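Subject: Structure handover

Dear colleague,

Here is the structure you asked to look at. My notes on it follow below.

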Amino acid sequence: MQKKLILDSDLLDITISRLCQQLIERHGNFSETVIIGMQPRGIHLAEIIHARLQKDTKKEIPLGYLDATFYRDDFRRREIPAKANETRIDFIIEGKRVVLVDDVLFTGRTIRAAMDAMIAFGRPAKVELLVLIDRKYTRELPVAADYVGKAVNTLTSQRVLVELEAQGHKQNKIWLVNKD
Amino acid sequence: MSKLSQKHLLGIKDISREDIELIFETADNFKEVINRPIKKVPSLRDVTIANVFFENSTRTRLSFELAQKRLSADVINFSASNSSVKKGETLLDTVNNILAMKVDMIVMRHASPGAPHYLAKHINANIVNAGDGTHEHPTQALLDAFSIREKLGSLVGKKIAIIGDILHSRVALSNIFALQKLGAKVMVCGPPTLLPKFIKHLGVEVELDVQKALQWCDVANVLRIQLERQQIKYFPSLREYSLYYGITKKTLDNLKKQIVIMHPGPINRGVELSSDAADSEHSIILDQVENGVAVRMAVLYLLAGRTS
């Protein structure tokens, strides 16, 4: 299995700082903004960004977790049904500006499902998408991210592996892995 | 692993502890879904389910239908009383005719034990047993165990007494299998005429005195006296049954501990359970009904998602 390092711990830190600055630039005092991390792997990134934004802005920003499993379009089309995770949105998203956070943007199908899932909680004023890794030229749906940590050229046969300390790894590292 | 080991849910006997835990974890998520402002998810939108009921039911059927609709499945309902079954059509023919209309899943209740197992051998669709005679009622046992888990945290080492008509009860048998697989201790209690002769061989304790059973247990699952199945007299009168085996608020207050009261419904108020006990703070009967929808959603979701 060939692995190539895309982001190491230091670079990742710089990238997350930049993403936070971009969010602050666009959202100002965050009075109408909520952050929603995508289950299962976007929540750690959402937590990191949320903590940093609260520290930098000294504002309370609502943070939720969204699971889109039941809204996926590949149900009954894959061998094993995707496992559901907890959805926890303890605030009203009606009329809010939602920042959806996920680790990797690949085909765009998860994001489509996520938007469907989110609508069950109300009608947000605006939805933005933040991803750490944007896999270019692999989209199957017209989905684009508003905030991108790093855009990477990948083959469909490759996989992006995100290892975060929050997930129990020794160091924050992001890899591009050849599947064979 | 997020896949059930079985293609059908015919009985708790056939599924593993891991299967039950997967169903519970999925049901946790569906319970959150059914408490949202919009209670519907599109998961089963290309699945058609037939509810085939050869025996009467209110709760189970409503609960299944609601679960199916919350999952966006297409639903058709069939009951034997107003169908061609009356004209002498066989079970297999009836079901095959339904399947010819491109139905993916069958939820079936039948008066004969083993009827869904027989179907499973002959047809391709996923089958969920919604009660087969006095044999099994797996989704009821799952929702009972799910409700206990919700109330007490875990079932490991918990003491559950099943009280009443064990002989005719499919709920009792499925409950015994489910609770034992999850690590609970099970006792059955009832008049000797309503206890199956070899029930001890399932590894359960047998008690004839309801007071002792209540003293022993953490949870009492009180079963309905099935008046429709009592062709011969198993006890002298309902009043006598109620006197010796009926549970009242007073009996519960006299215990020196808190126990949980469950009942699969419909309650014969004043027979196995008095009104004040059924409506007391001990009772989680209505939680059972709510959990029933979530658990059935989980079962349907996991079976439908299991492509072979």
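What percentage of the 308 residues of chain B count as buried? The figure is 47%. Please keep in mind that this is a predicted model.

Overall form of chain B

Chain B contains 11 helices and 9 strands. Its radius of gyration is 19 Å, close to the 19 Å that the globule rule gives for 308 residues, so chain B is as compact as a globular protein of that length. Along the principal axes, a box of roughly 55 × 45 × 35 Å holds the C-alpha atoms of chain B. Among the contacts in chain B with a separation of 6 or more, 76% are made by residues 24 or more positions apart.

Two domains

Chain B is split into domain 1, made of 12-136 + 291-304, and domain 2, which covers 138-288. Taken over C-alpha atoms, the centres of these two domains of chain B are 25 Å apart. Where they touch, 21 residues of domain 1 are in contact with 21 residues of domain 2.

Which elements of chain B each supply at least two residues of the domain 1 side? They are α1 (17-33), β4 (126-132) and α11 (285-304). By class, that side of domain 1 of chain B has 8 nonpolar, 7 polar and 6 charged residues.

Helices α5 and α11 of chain B

One helix pair deserves a separate note. The axes of α5(B), residues 138-152, and α11(B) come within 8 Å and cross at roughly 120 degrees. The crossing of α5(B) with α11(B) is right-handed.

On the α5(B) side, the residues that meet α11(B) are B:T139, B:L142, B:L143, B:D144, B:F146, B:S147 and B:E150. Their counterparts in α11(B) are B:D287, B:Q288, B:N291, B:G292, B:V295, B:R296 and B:V299. Sorted by class, the residues of this contact of α5(B) with α11(B) come to 5 nonpolar, 5 polar and 4 charged. Recall that α11(B) is also one of the elements that supply residues to the side of domain 1 of chain B that touches domain 2.

Contact between the chains

How many residues does each chain give to the contact? Chain A gives 15 residues and chain B gives 16 residues. On the chain A side, 9 are nonpolar, 1 is polar and 5 are charged.

Regards

How values were computed. Residues numbered from 1 in each chain as written. Chains lettered and ligands numbered in written order. Predicted model: local features only at pLDDT ≥ 70, side-chain atom pairs only at ≥ 80, totals over all residues. Helix = DSSP H or I, 4+ residues; strand = E, 2+ residues; numbered from the N terminus. Rg over C-alpha atoms; globule rule 2.2 N^0.38 Å. Buried ≥ 20, exposed ≤ 12 C-beta atoms within 10 Å, placed from the backbone. Contact = placed C-beta atoms within 7 Å. Domains from an automatic or database assignment. Nonpolar A, V, L, I, M, F, W, Y, C, P; charged D, E, K, R; others polar. Axes fitted to C-alpha atoms, helices over the stretch in contact; angles between N-to-C directions. Left-handed = near helix turned anticlockwise from the far one by under 90°.
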